[in-house]
Amino acid sequence: MSDAIKHECGIALVRLKKPLQFYKDKYGSAFYGINKMYLLMEKQHNRGQDGAGFASVKFNVEPGTRYVSRIRSNKSQPIQDIFAQINERINGVFENFPEKKNDVAWQEENMPYIGNLFLGHVRYGTFGKNSIESVHPFLRQSNWKHKNLIVAGNFNMTNSNQMLQELVELGQHPKEFTDTVTVMEKIGHFLEDEVGKLYQKAKKKGLNKREASPFIEENLSLKKVLKRSSKNWDGGYAMAGLVGHGDAFVLRDPNGIRPTFFYEDDEVVVVASERPVIQTVFNIKIDKVKELERGHALIIKKSGEVSIKKVKEPKDKKSCSFERIYFSRGSDADIYEERKNLGKYVFPQVLESINSDISNSVFSFIPNTAETSFYGMTEAAEDLLNQQKTAKILEGGKSLSAQKVTEILSERPRFEKIAIKDAKLRTFIADDNSRDDLVEHVYDITYGVVKPTDNLVIIDDSIVRGTTLKKSIIKILDRLQPKKIVVVSSAPQIRYPDCYGIDMARIDAFIAFKAALELLKETNQYHIIDEVYKKCKAQQSKEDVDIVNHVKEVYKPFTADQISAKIAQMLKTEEINAEVEVIYQTIEGLHKACPNHTGDWYFTGNYPTPGGMRVVNQAFINFYEGNDERAY
């Protein structure tokens, strides 16, 4: 509960389909594209905390003029830092040339960042370092416009080592080893190859080098480039790229693991990782925003032609359910309903835990992201209480007085704001004991609403590592002196590492895995750990498609309820007076709440790509051998 999980990345792309003068005349500013990019990135801030980047491409400038601009930041408020720098540059130009404030043609020719095509990225690093060099967009430069490539994405590749080797075999010497660089270099290699072939065709047609450029622009097939580049990719990805002359693409993985949405009208093409972001920024209805099909690319030619091309054969849709539970903006209509249903579907377990005693139970949530699932749980509680009221009235019949009926009808479930995070508090002391004491005060609690005879039910999106629960939240809640603390996770038990973009790479960090280990020890079955290790080691030389997830055997001897009970036991320290129970969403409840998003590998170990099986295999080996390295 409230464990910090590093977020996914978010992408934003805007292609202006009209000349800049059009936006100046209609919207009062030639900076329309920049302004929209700021909003698209800021409204995806929930996806990125340690880095952000922005790039623009100008179409109609003379040779010798800079046509690609890029800016990146890894400061504490990276989006604000980027756009503050952009504004400072633009305002500086206007201070020197005040007479050019209404001269759009001059601005396009002479001012940085103003352009026709924009790409933005917000990042929370999951692979490599969080240095400025690791912040997207990445830029691959050339003196040929067609060979300039800008790439940014929300992705993680499971087979980066293999991809690096493929680049070496192609004769390249990549400057660093990250999946972003290897992906960009792969696309760049085949982009150069296609440009070279088109140039030879242009020569055969009798075109000189200058005349060849528009021929290449018109005939370059990004579908072909992407098809060749992505042949052996394994991972989840929503990847965007700009080519220096003005073509652009967005490619989604074949399982649809990472989300991608787009909108097009006669003025603009826009792409983002989240649907409500586009709705809000462009003030459009939900049915106008489309989801990019899995395995397909949205391709925007410099001419303005927009098409959707199949690049990879679509596989079973396995869009990530945990993303919708935890990361995505809850303002999306479907996600809002799904989160409410998660709270509703876990309520029967809550009801059993409190012996159906709603009157003597207080319901709340931590943190704020769990508020929507809390609403679903409250609706379920209200429905049940209404049933109980009806039964009491029918049972009493005519003997009930009007006052008694009024008393029955006035009963309400007790929903309270129990904990408020103190955003100002920072744990700045290095000493562990001192830090733990400070962590206990991260939340302020509401006194006076919980009685010693009450159950206190707290719901959260997920319980991953349990660290914050044990060191902080349960201790804080126990100060309210409830009879029982029921900690509810709207997501099922997270048992397996992610390898597609969320930073949950170490299996031994999960509280569910630790609980399973304890249960194996207590039941004299710890030999299973040795057996699983031997099976995993035996698979190391196999191809990814042949690897089996033997880690499932760690959990197989126990029910989900047994593991939840062990987790509760592990989280309750000696100083806690209240009884503690932990409840997780069931897999069945998850699928019922999110029927169209069946990517559940965190919970079930059913990875959608072969590389996922290798990652979970390696993660277990790393745990067994005491190796802190990432599994991918």
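Reply: The axes of helix α11 (residues 333-353) and helix α12 (residues 371-396) cross at roughly 50 degrees and come within 6 Å. A helix here is a DSSP run of H or I with at least four residues, numbered from the N terminus. Axes are lines fitted to C-alpha atoms over the stretch in contact, and angles run from 0 to 180 degrees between N-to-C directions. One caution: this is a predicted model, where local features need pLDDT of at least 70, side-chain atom pairs count only at pLDDT 80 or more, and totals for chains, interfaces and linings use all residues. Residues are numbered from 1 along each chain as its sequence is written, and side-chain values use heavy atoms, leaving out hydrogens and water.

Me: How are α2 and α3 oriented to each other?

Reply: Angles under 35 degrees count as roughly parallel, over 145 as roughly antiparallel, 65 to 115 as roughly perpendicular and the rest as oblique. Helix α2 (residues 32-42) packs on helix α3 (residues 78-96) at about 165 degrees, with the axes 10 Å apart. α2 is therefore roughly antiparallel to α3, whereas α11 and α12 are oblique to each other.

Me: Which residues of α2 and α3 meet?

Reply: Contact means heavy atoms within 4.5 Å. I34, M37, Y38, M41 and E42 of α2 meet I79, Q80, F83, I86 and I90 of α3.

Definitions and conventions. Helix = DSSP H or I, 4+ residues; strand = E, 2+ residues; numbered from the N terminus.
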